[in-house]
Each structure stands twice: as structure tokens, then as C-alpha cells.
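User: I would like to work through this model by question and answer, with each criterion stated when it is used. Where shall we start?

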Amino acid sequence: MKLARLRDTDRPPLHLELEGRAIAAMEGDTLLTALLAGGAGHLRESEFGDGARAGFCLMGACQDCWVSVEGLGRVRACATLAKDGMKVRRG
Amino acid sequence: MKVAVVGAGPAGVRAVEALLAAGIRPVWIDEAMDGGGRIYQRPPTGMRRDARTLYGFEAARATALHAALDAAKPRADWRPETLAWNIRPGRQQLHTLSAGTHGVVEYDAAILCTGAMDRVVPVKGWTLPGVTTMGGAQIALKSQGCGIGQRVAFLGSGPLLWLVAYQYAKAGAQVAAVLDTTPFAAKAAAAPGMLRGPATFAKGLYYIGWLRAHGVRIAEGVTPLAIEGEGSVSGIRWRDAKGAEHHADCDAVGIGWGLKPEAQLADLAGVPFNFDALQHNWVPRRDAAGRTPVGGIYLAGDGSGIGGAEVAELAGARAALALLEDAGRKVETAALDRRLEKLARFRSALEKAFPFPAHLAAGLPDDAIFCRCENLTVGELRATTAGPQIPAPEVNRAKAISRAGMGRCQGRVCGAAAAEILAARLGCGVAEVGRLRGQAPVKPIPLTAPPLVTTP
């Protein structure tokens, strides 16, 4: 899944790291936006063996977008703002 | 008097405003970073689009609500990014979690304005990355300036289907198709009732007309067959009203069939629920003013039955007045009551125009996943009606057997469809299979959060 940046595309850049890979994002991005617009493709693997997941409701209800952030623990990617230098793991 | 308000969407803002006007300073909790609710969600700082671009026809309403929100924040005990994860009506306490720390909020009265989320019907392939709810697709654009893909199909029914498709097209996304599961005839039959409504009907026609005029592929009365792709979405397949199969290439799909109340706190507070046949939703019991059978608990906004943002603003103010009235204050409510009554009539026409497609859920193949949390199939749910031991006569027994609704979303996403699947299997009405009972915590919380801090 690749989010398409359509509006407000002139924001200051942020740099994150997803499992060692550099992710270019923008100030004001949620982690979900940062990762899925930055080429991560997905956010986690289903624990029940049915493949990759990338969030669903984007409003903190479905619990399908959990990722781990160094120093923060597990967070919902849709409800957490991306910060410069964040180190993220899927799931 | 200690008053707590949960939620800072249209209902919560107007409730707090009315309380402040009466000299009461409530504790005001919202899980999001800022108020406005989902409908008037403000983008994080750094975004530059104006209200007109963000909220379209609703710009004036959004701007007015944000002004009220900002004026109320410093006067109330405003606590953003705070999850109310439990309510104990006996002790009159809300349990909260904020920045990893637990808290307890004590109240004499609480107004719960907990909002709604999309009501979805599973479709084969709906767990693929690239599929979001209709509301999610809208939030991505409104709050983040992003489309859920480059070439997006929208599937569902209701006003949001057309609005979101329009917003995407206007923002420069390719709209691959707008697939409405409601036949045109159902909408046409309900049109006279909708004309009574505010400008909602005209706006809906505007979006549909605009999409047609811009050559967007539109199909009505469709039956979704599958969202396709390996690892992510590559297309969608459906059957038209005459039985012919169609396909559209796309890299994302937004799905949704109206909204359902997020009423978990009302449930934990002990408020009984009724099945609203017109909305096709379980809604917590309340009177027109927002009073519930549980003393001290008031409800307003979509969390107390779907009414939309305009109704939510009025209902929020009305619930606060009911609370004040019950506390012995003199209040004037006649004008507010008249406006609420008028809007309720419009709402019933809207519900008739976009009936919940129970048949789509009931007709899902056995191998379709209906529970995203735990990868449960429709076949596994149907099998619960055969046991083991006590076969499931209703959803909570089905939950015990199959784990339907036991995943981390607690049945928010699958609950509506699960009830239809079960009812169809049992050959009874959907109201007869009941509803999944709520459990605390209403959302996942860490097991290792620091100890409780009591705040008055």
C-alpha cells in the first residue's frame, strides 16, 4: 500500500528508520502516513498467518496498525505523530 | 458538582460550552491530539489548507465549532490524548490512560459523546494492505493530505460514499470506480423525505452529479465479489444488478456502509441497548434529551445513535441542559427540542434511502475472512450454530465458541456483519441474535502502565 501525497506537500522533512531502512516523511505526518507514503508497504504481519496488514480505520478503533517505536513501545501508527529520528519496527 | 465529558467532537464541544455557561468546569477527555471529532478533525500543525478546502460545504460549521472548542479548552479541565478505557457507574469513576499513565476521574454526572465509526461488511480480500474504511480514506485526505492510493475505488453506500469519492477526485486522485450496493430505486423512493432535510440532499446530488459529469465510473445495485491482489490491492471485482461481472484496476479501496455508534462506555456504564430497526444498529437507550436509565449518565452525538454532526451539536447542548435541569437548574429547551425533532424526521428518510445491506453479509462465502483481528472465516462462525455442546443461539455464545469479537478491536469491525451471518444461519431476525457485550478495557492498554494516580 502506498499513500499518495496529494495536498500540503511543502512541509519540512523528517527522517525515520524502519528496521534499518531510511524513511523520508514530513512534519505533521502520523506514523502510518510516514511509513505508508514512505514506501514501507505494510505495517505488520497478521499474527494469524493471513499476511500483511497496513491499518484499516485510521481513527484508532480497529487496532490493525500497531508498530513498535524505540523508547515509546507499541503504538497505533494512525494515532501517533511521526518525529524526526524515530526508530520503528513493524508489528 | 463534578462533571466529566468524554469526547470533543461536535456533541462534546457543545455540551462543554453549555456547562461552562452555567458555571460548571467539567473534566473534558478526548483520545485524539485535538478536538473536532472525526468530522471536523483538524490536521496537525504545518498543514496549510483552509477550512473551505478541508471541509467543503461544512466549512462554516467546522470553523464555528473550532472557535467554540478553542474558547472552551482553557476554561475546562481539558485532557487531550487521554483514553477513557473503563467506567464504573457504581463508584462514579472513569478510568483513563494518558501518555502511559493511568488516572481516575470521579464524577457526579458524565456526558458520553463517544462518536461513531464506519459500519463495514467484509468482502473477500478486505484485509489486504490498501483497503481502508470510507472514514479512514477521508481522514487520510483531510488530516494528512494523502490519498489511500493513486487509483482508488470506493465501495459501499450512504452519503459518505459519494462525498469521499468527490473529495478524492477534487484532490487529484484517480477514482477508479464508485460502487454503490444500494439500487437506484431505493434512493429514489426515499427522495421526497430527504427533501425535507437541510441542504444535505442537495449536497448529495451535487457530488453524484459532479462525479458523473467528470466521467467517473459509477455502478449502483452492485454485489461485491472480491478485492484482489497479492500482498496489496490490484483490483476489485463485482457483479452488476443484471448479473454481469465487472472488474476495475485500482491500488486502494475505501469501503463503508454508513456508521455505527462507538457506545462501549455507555455499555459498561450499564445503559441498556435497543435495536433500532431503521438504523439497523444497536443503540444505547436514552430519551430525546440524552438522559439514560442510569442515573448521572447522559449521551449525545453519534455514539447515542447516528444522527450526523448537525444533530450532534444540538444534542450535546441538550444533554448538558438535561444534566443541569436534573441538578435543579432552570433551563430553556423548547427551541432546541423543536430543531432536534425536525432533524430526526430527515434522518429516518436518509436511513430508508441507504438501508444496511444485510444480505451481503449473510451471503458471504464460507472461506471469506470476517474477523480481521484473528483471521476467522465466515464458515467458522456459521459452524458455531452446531455446537460444541450448546450451539450458539446468539452472538455471545458464538463468541465463546469461535472467538468472534474477542480480538483486539472487540467486535467493533466485525460485530455488525457477524450478527447478520449468524441470524441468516439461524433463520431469525438480526435483533434476536443480540449484540456483543462490551468489556473493559474498551481499547487495548499496556499491562505495565504505572500505578493509578487519582485526580479529582
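User: In which sense does α1(B) pass α3(B), left-handed or right-handed?
Analyst: On passing α3(B), α1(B) makes a left-handed crossing, meaning that the near helix is turned anticlockwise from the far one by less than a right angle, clockwise being right-handed. The model is predicted, so local features need pLDDT of at least 70 and side-chain atom pairs count only at pLDDT 80 or more, while totals for chains, interfaces and linings use all residues. Residues are numbered from 1 along each chain as written, and chains are lettered from A and ligands numbered from 1 in written order. The sense asked for is left-handed.

User: At what angle do the axes of these helices of chain B cross?
Analyst: The axes (lines fitted to C-alpha atoms, for helices over the stretch in contact, with angles from 0 to 180 degrees between N-to-C directions) of α1 (residues 10-21) and α3 (residues 59-72) come within 10 Å in chain B. Helices (H or I, at least four residues) and strands (E, at least two) are DSSP runs numbered from the N terminus. The two helices are therefore oblique to each other, the class left over once under 35 degrees counts as roughly parallel, over 145 as roughly antiparallel and 65 to 115 as roughly perpendicular. They cross at roughly 50°.

User: How many nonpolar residues does the contact of α1(B) with α3(B) have?
Analyst: Contact requires C-beta atoms, placed from the backbone, within 7 Å. Pro10(B), Val13(B), Val16(B), Glu17(B) and Leu20(B) of α1(B) meet Leu65(B), Ala68(B), Leu69(B) and Ala72(B) of α3(B). Ala, Val, Leu, Ile, Met, Phe, Trp, Tyr, Cys and Pro count as nonpolar, Asp, Glu, Lys and Arg as charged, and the others, Gly among them, as polar. This contact has 1 charged residue and no polar ones, and its nonpolar residues number 8.

User: Which strands of chain B does α1(B) lie across?
Analyst: The helix α1(B) runs at about 160° to β1(B). The open sheet has 5 strands in the order β3-β2-β1-β7-β21 with parallel pairing, where pairing requires at least two DSSP bridges. Because β3 (77-79) and β21 (297-299) of chain B each have a single partner strand, one side of each is left without a neighbour in the sheet. The strands that α1(B) lies across are β1 (3-6), β2 (27-29) and β7.

User: Which residue of β17(B) is the bridge partner of Leu155(B)?
Analyst: Strands β11 (residues 151-157) and β17 (residues 252-257) of chain B pair in the parallel sense over 6 bridges. Within β17(B), the partner of Leu155(B) is Ile255(B).

User: Which residue of β10(B) stands opposite Arg5(A)?
Analyst: The contact between the chains takes 38 residues from chain A and 48 residues from chain B, and β1 (4-5), α1 (31-37) and β5 (52-53) of chain A each supply at least two residues of the chain A side. By class, that side has 15 nonpolar, 13 polar and 10 charged residues. β1(A) and β10 (residues 146-147) of chain B pair in the antiparallel sense over 2 bridges. Opposite Arg5(A) stands Cys146(B).

Technical notes. Contact = placed C-beta atoms within 7 Å.
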